[in-house]
Amino acid sequence: MQPMPYDFVIRGGRVIDPARGIDRVEDVYIRHSKIAPPPEGPCEIAEEIDAAGCLVLPGLIDFHTHLHWRHSDVGLHPDLYTLPMGITAAVDAGSAGTCNYEGMVHSTIAGAMITVKSFLNVTATGIITEVYFENLDPERFDVHRMDYLFERYSDEILGLKVRVGKRFSGPLGLAPLAGARKLGDRYGCPICCHIVWPEQDLDEAMPYFKPGDILCHCYQNQGDYNILDAHGRIRRSVREARERGVLFDCASGRKNHSLELTRQALAEGFFPDIISTDVITESIYRKSLFGLPRTMSEYLAMGMPLSEVIRAVTATPARLMRMEGEIGTLAPGALADVAVMRLREGPTVFEDLVGGRIEGEQLFIPQVTFKAGRLAFMQIDFLF
């Protein structure tokens, strides 16, 4: 009997795979680009990774990023940001609009080592700069061009992105959201809506959201309105939206999340469906955001169970990317996207940019990242 060949085995780590309901110490085998079943007989292993004392997770997925590198003031290089963080897949949240989306497909998505999908911005330009914002007048939406893009790039486009609030839609109010809703119905796709500093009560906005739609920056606390009512409880309209299948993404960003409001929401059991960063050039490696592992650590510090934190960066975003079973899991046959992390014990302070501060006792520290079976990152002191 010929020995079964494996490229790698990751030994002795605590495997947490919410997609399969697994949390136990076991070995993970990699052959070519896939997770392989354990050997039933003799085997040959080219290289072993000792993960004792580490978490072994499906490759993380950052569901809200801006990766239109060199074509946008806010865009990051997709691989340089992600792989050292344990991230193997990401979603660009509307950096490109109808006039420049094809450029992002060819310059960013096609050239990335990680898996990248995207939301198409409803505007022509998308988010190219913070010097001025996109034109959100629905009369300016290029529907003819959208028809072409949805037909041509149906695998890459997950849905539509729209931003509303004081800085973005101003006197247009909720009209851009209403326009995006019509387009979402036209293409049968979800809408991802950024609502920050809303000038209308959220009770007026939530009826526009249908099952599968996403409210990002769900814990923002700028302006007079947020997901809490006048009594500091989760709004009925928000709870009803979740009950009918609307998803809530923390998309922490810079000032787009309040730790105090988040703590209040989590105390009511209102956990995010998705944990993501909204990372851009002005937040990576800067206060108060330092990538997805730190954002995950914040939620752990605020009482979100470890398994649910992992689910919110693996199984749930994989499903929303229409890649359930292919990424976001360590099941045999899935793509061999793996993040080995240490959960460092010790006091850690988390701060936001609106005056909030919490203390935690654990911090996710990336150690090793595999992308499609290739060793893509290793912490310099991991082997020592």
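Tutor: Two strands pair if DSSP finds at least two bridges between them, a strand being a DSSP run of E of at least two residues and a helix a run of H or I of at least four, numbered from the N terminus. The model is predicted, and local features need pLDDT of at least 70, side-chain atom pairs pLDDT 80 or more, whereas totals for chains, interfaces and linings use all residues. Residues are numbered from 1 along each chain as its sequence is written, and side-chain values use heavy atoms, without hydrogens and water.

Student: What makes β8 and β9 a pair?

Tutor: Strands β8 (residues 115–121) and β9 (residues 157–164) share four bridges in the parallel sense; the rule asks for at least two, so they count as paired. Asn-121 stands opposite Lys-161 of β9.

Student: How do you know which strands are the edges of the sheet?

Tutor: The open sheet has seven strands, in the order β6-β7-β8-β9-β10-β11-β12, with parallel pairing. Strands β6 (60–65) and β12 (247–249) each pair on one side only, which places them at the edges. From one strand to the next the twist averages 25°.

Student: How does helix α4 run relative to β9?

Tutor: Helix α4 (residues 175–187) lies across β9 and β10 (191–195), at about 170° to β9. Such angles run from 0 to 180 degrees between N-to-C directions of lines fitted to C-alpha atoms, for helices over the stretch in contact, that is, with heavy atoms within 4.5 Å.

Student: Why is helix α8 called largely enclosed?

Tutor: Buried means under 20% relative accessible area, exposed over 50% and partly exposed in between, with a 1.4 Å probe and protein chains only. Nine of the 11 residues of α8 (residues 291–301) are buried, so the rest of the structure largely encloses this helix. Among them are Leu-292, Met-296 and Tyr-299. Just after α8, Gly-303 has a positive phi of about 100°.
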